[in-house]
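Hi everyone, I'll keep this short. Let me put the structure up, and then we'll walk through what sits inside.

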Amino acid sequence: PGGGFAADLMRSMRCGLITIDRHAKVRFFNDRAAEILEVPAAGAVGRPVQAVLASHPQLARLLAEGLTLSTLPDRAEVEVRTRDRQGRSLGFTLSRILTRRGEVRGAALFFKDLTPIEREEDHRRLQDRLAALGTMAASLAHEIRNPLAALELSATLLARRLAAQGKEAELVATLQEQIRRLSRTVNASLEFVRPLALDRAPTDLVALLEEAMEAAAVPEGAARIEVVRRFPAHTLPVAVDGPRLREAFLNLIRNAIEAMADRGGVLRLAVELPAPGTEKLVGAAATVLVGDSGPGISEGVREKIFNPFFSTKSQGSGLGLAWTRKVVDAHGGTLDVDSQPGQGAQFSIRLPLPADAAQASDLIATGDLLDEAQDSGRRG
């Protein structure tokens with residue numbers, strides 16, 4: 001179709017649409033179809049559908065068979081390959097185009113990319129599995145803690161008896177350290193699966209970040225790390241759970257320090273607050289940034305770093321960043337990371353501030369009055 005309402009309608013459809021005539025030549029190929037299939041729409045009209053959809057022969061065959069099949073698929077699905085080799089799942093309906101006399105004039109394929117929907121369903125299933133895993137982990141942790149406590153006590157008594165035994169004492173010390181490490185992992189797992197009950201109080205985020213920085217220990221023998229701070233001139237107490245948020249900051253700072261332990265670098269700490277007088281407006285937020293000049297994070301790792309029990313460290317539990325995100329989520333905030341290999345990493349925590357509904361309404365009303373005044377001025 002060239003112009004007119006029907007042609008505009010077909011071009012504006014949010015689903016992909018491809019039509020062919022009775023000779024299996026493409027008569028219409030909308031932009032959405034080109035986007036989903038990664039096939040150029042220009043030059044498609046008038047060419048055989050097998051040539052236009054050479055990269056998707058299954059779809060070409062479906063359209064061609066639509067001219068002769070007695071029963072056409074309705075709300076069916078098909079998998080197609082894209083340039084990134086990831087593949088997409090398409091939901092489609094195949095229809096015949098008939099004349100008023102019932103003669104076959106062509107076929108039309110309507111389709112939609114179902115991949116985002118399926119990913120969302122996969123995410124929900126993952127959340128369900130994680131919830132079940134959390135319940136199991138809590139029960140398992142309770143069962144492990146008592147035997148661990150007994151092991152730690154026995155190892156301590158044994159260490160006292162073998163204090164002067166040289167190699168035997170070293171073996172017991174190693175045993176004690178591994179027991180303590182296992183105990184820390186069990187306790188962290190148990191704490192992670194418990195629901196968070198926040199105890200909010202007005203808190204200075206700059207002071208909280210500084211406390212976390214003081215608590216972060218630089219590994220012995222680590223290269224020199226320079227700390228660069230960027231804090232606002234004004235203060236703004238934010239209602240947060242100070243101890244939990246301090247721990248979240250501490251996790252990010254420790255990760256940054258460990259990332260630069262070999263070569264040294266710059267640790268960047270920043271707090272961004274809304275301008276005075278705007279903290280009660282809709283959308284106002286406080287942002288805390290922790291960045292480093294370390295080796296950065298690859299895309300494959302970046303997608304997993306907030307998953308529980310995922311760690312790139314040989315001695316890591318994989319719960320530090322997962323716990324940090326849990327704390328930030330409990331505050332209604334967002335945790336994000338910006339990183340490229342070789343360019344360091346920057347973690348940002350955004351904490352929304354409670355909006356003053358009355359002030360927001362006044363602001364909207366003021367905006368409406370200004371708009372009306374401007375309109376009146378234009379008319380005048």
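**What's in the core**

Okay, so this is a predicted model, and the largest nonpolar core in it has 42 residues. By nonpolar core I mean a set of buried Ala, Val, Leu, Ile, Met, Phe, Trp, Tyr and Cys residues joined through side-chain atoms within 4.5 Å. Buried is under 20% relative accessible area, exposed is over 50%, and partly exposed is in between, with a 1.4 Å probe and protein chains only. The residues with the most contacts inside this core are Leu205, Leu245, Ile253, Leu267 and Phe347.

Several elements each supply at least two residues of this core, among them helix 7 (205-215), strand 9 (265-272) and strand 12 (345-352). Helices here are DSSP runs of H or I with at least four residues, strands are E runs of at least two, and both are numbered from the N terminus. Helix 8 gives the most to the core, with 8 residues.

Now look at Leu205. Leaving out residues up to four places away in sequence, Leu205 touches Val238, Val240, Leu245, Phe249, Val271, Ala286, Val288 and Leu351; a contact is heavy atoms within 4.5 Å.

There's also a second, separate core of 27 residues, which includes Ala44, Val49, Leu63 and Val78. Arg61 is found in helix 4 (residues 57-65), and is partly exposed at 45% relative accessible area.

So, over to helix 5 (residues 115-161), where we find Leu148. Is Leu148 buried or exposed? Leu148 counts as buried because its relative accessibility is 5%. Beyond its neighbours within four places in sequence, Leu148 is in contact with Ile179, Leu182, Ser183 and Val186. Leu148 and Leu182 are 34 residues apart along the chain, and their C-alpha atoms are separated by 8.2 Å.

How far do we trust this? The pLDDT, the predictor's confidence in each residue from 0 to 100, averages 81, and 82% of the residues score at least 70. Over residues 357-380, though, the pLDDT is below 50, and that stretch has 5 contacts in the model beyond near neighbours in sequence. Where pLDDT is low, the predicted coordinates should not be read in detail.

Bookkeeping: residues are numbered from 1 along each chain as its sequence is written, and side-chain values use heavy atoms, with hydrogens and water left out. Local features need pLDDT of at least 70, side-chain atom pairs count only at pLDDT 80 or more, and totals for chains, interfaces and linings use all residues.
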